[in-house]
Amino acid sequence: MRKIIKKITILLFAFLALLACGIFILSGHVKSSTRDQTYNNITEVPQAYTVIVLGASVRSNGDLSTMLEDRVSSALSLYRAGKVSRFLLSGDNGTKSYNEPKAMQQYLINQGVPEEDIFLDYAGFDTYDSMYRASSVFDVKEAIVVTQKFHLPRALFIANRLGLDYYGFIGDKHIYQRENANKRRELLANVKAYLELGISKEPTYLGAKIPIDGPPQSTYSD
């Protein structure tokens, strides 16, 4: 019995070691395959009609978290530099009391951005849904994606596998709380994205087309 238990333990450790290796190899591939699409200097960012801002947490009073404010303000910098013409704000609005896109929209309006330049995606529940819906619902075939450095490779990897011509702009402006935890979480999030792409998963919600170069009113919630 002891020999059997020992063999099972060895096999289990071998499996876990292979699994860990696979996760780190995938992470390396995600980063290396998107490195040339990632920009930190605004002057080097290619022109695109749309900037996609990926959602993050919003405080109970409606204010953007530090991480999300950095993403939106970085996208605003691209807009003011003439790099983009329209915003697609994609985030979680799973309940009436929580609305990431609306909070981002209000921030931009407060900064003087016209409402007609802002599109809202209320069903960007995760990065995969945001990238899929950007193309399928909003007809965004080329764009600049703005998020933090740890998150950007996965977003671009998903976009690449969906056949989209997207680039990334790093929105880091602070050292964030739980930064190391976010990086560890990203290892498993890469696996999730890889599996979703492998089965051609559809997002939680699709819906009618709302072309990014058309009127945005239909994207607004009541």
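**Pockets and a cavity in a predicted model**

User: How do the residues lining the largest pocket divide into nonpolar, polar and charged?

Analyst: Keep in mind that this model is predicted. The largest pocket has 29 lining residues, and Gly55, Ala56, Ser57, Met67 and Arg71 lie nearest its centre. By class, the lining divides into seven nonpolar, twelve polar and ten charged residues.

User: About how much space lies in the second largest pocket?

Analyst: First, let's find the place. Among its 16 lining residues, those nearest the centre are Lys31, Lys149, Phe150, Leu152 and Pro153. Helix H1 (2-34), helix H5 (152-161) and H6 each supply at least two residues of this lining. The space in the second largest pocket is about 330 Å³.

User: Which element gives the most to the lining of the largest cavity?

Analyst: The count comes to one cavity of 30 Å³ or more. Asp126, Thr127, Tyr128, Arg154, Ile158, Ala189, Lys192, Ala193 and Glu196 line the largest cavity. At least two lining residues come from each of H4, H5 and H6. With four residues, the element that gives the most is H6.

User: And how many residues of that cavity lining are charged?

Analyst: The lining of the largest cavity has four nonpolar residues and one polar residue. The number of charged residues there is four.

Note on methods. Residues numbered from 1 in each chain as written. Predicted model: local features only at pLDDT ≥ 70, side-chain atom pairs only at ≥ 80, totals over all residues. Heavy atoms only, no water. 1 Å grid on protein atoms, 1.4 Å probe; cavity = no way out; pocket = protein on both sides within 12 Å on 5 of 7 lines; lining within 4 Å. Nonpolar A, V, L, I, M, F, W, Y, C, P; charged D, E, K, R; others polar. Points joined across faces, edges and corners; volume = space filled by probe spheres on them.
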